[in-house]
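Hi everyone, thanks for making time today.

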Amino acid sequence: MITELAVVALVVSAAASMPAAHAETTQVLALAGSIDQVLTNIRNWVMGILAGLATVFLSIGGVRYVMGGGDPGEIEKAKTAFKAAGIGYGLAALAPLVVTVLQGIVGA
């Protein structure tokens, strides 16, 4: 108990003797020059998320296929995961087309 109080007193005294640093900081949450840049950023995020999820499903399908041990139910679940991964990769590949359509709609 006394040791804890001594440590607290030492920390407080050290903090009191330090000069206060007052730095002005500005936080920029989003910086985009144009709507085209915003749509490009959206495309990149969508492609990354879809490719990541597709990779997860591909991994799950591979593990289920290997660990299935010939069980037809597990093999079918693995094939379903492979199909989901293929759809995810296909959607990730089509993301630039979707952004192009959005640019046409918005007029950017």
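I'll start with the overall layout and then move to the contacts between helices.

A word on ground rules first: this is a predicted model, where local features need pLDDT of at least 70 and side-chain atom pairs count only at pLDDT 80 or more, while totals for chains, interfaces and linings use all residues. Residues are numbered from 1 along each chain as its sequence is written, and side-chain values use heavy atoms, with hydrogens and water left out.

So, what do we have? The protein has three helices and zero strands, and from the N terminus on its elements run α-α-α. When I say helix or strand, I mean DSSP runs numbered from the N terminus: H or I over at least four residues for helices, E over at least two for strands.

How confident is the predictor? Its confidence in each residue is the pLDDT, which goes from 0 to 100. The mean for the protein is 79, and 72% of the residues reach 70 or more. Confidence is lowest in helix α1, residues 2-17, with a mean of 52, and highest in α2, at 89. Please keep that in mind when you look at α1.

Next, burial. I call a residue buried under 20% relative accessible area, exposed over 50%, and partly exposed in between, using a 1.4 Å probe and protein chains only. Of the 108 residues of the protein, 13% count as buried. Contacts, meaning heavy atoms within 4.5 Å, are worth a look too. Among those between residues at least 6 apart in sequence, 71% join residues at least 24 apart.

Let's zoom in on α3, which covers residues 72-106. This helix has 35 residues and reaches 49 Å from its first C-alpha to its last, close to the 51 Å expected at 1.5 Å a residue. That expected span is 1.5 Å times one less than the number of residues.

Where does α3 bend? There is a kink of about 40 degrees at Leu94, shortly before the proline Pro96. The bend at a residue is the angle between axes fitted to the seven residues ending there and the seven starting there. After α3 comes Gly107, whose phi is positive, near 90 degrees.

Which residues of α3 are buried? They are Ile75, Ala78, Ala81, Ala85, Gly88, Ala92, Ala95, Val99 and Gln103. The buried residues of α3 pack against α2.

Phe57 sits in helix α2 and is partly exposed, at 37% relative accessible area. Leaving aside its neighbours within four places in sequence, Phe57 is in contact with Ala81, Ala84 and Ala85. Phe57 and Lys83 are 26 residues apart in sequence, and their C-alpha atoms are 8.8 Å apart in space.

Lys79 is partly exposed, with a relative accessible area of 41%. Its C-alpha atom is separated by 9.6 Å from that of Leu58, 21 residues away along the chain.

Now for the charged side chains. I count a salt bridge when a side-chain nitrogen of Lys or Arg is within 4 Å of a carboxyl oxygen of Asp or Glu. How many does the whole structure hold? The search finds two.

One of them pairs Arg64 with Glu74, with the closest N and O atoms 3.8 Å apart. Arg64 lies in helix α2 and Glu74 in helix α3, so this pair ties together parts that are 10 residues apart in sequence. Arg64 is partly exposed at 32% relative accessibility, and Glu74 is partly exposed at 24%.

Glu74 also forms a salt bridge with Lys77, where the closest N and O atoms are 3.9 Å apart. Both lie in helix α3, three residues apart, about one turn of the helix. These bridges share partners, joining Arg64, Glu74 and Lys77 into one network.

Finally, the rings. The structure holds one aromatic pair. Tyr65 and Phe82 form it, and it is tilted, with 6.4 Å centre to centre and 50 degrees between the planes. Tyr65 lies in helix α2, residues 35-67, and Phe82 in helix α3, so the pair ties together parts that are 17 residues apart in sequence. For the cut-offs, rings of Phe, Tyr and Trp (its six-membered ring) pair if their centres lie within 6.5 Å; planes under 30 degrees apart count as stacked, over 60 as edge-to-face and the rest as tilted. Tyr65 is partly exposed at 46% relative accessibility, and Phe82 is partly exposed at 33%.

How values were computed. pLDDT = per-residue confidence, 0-100.
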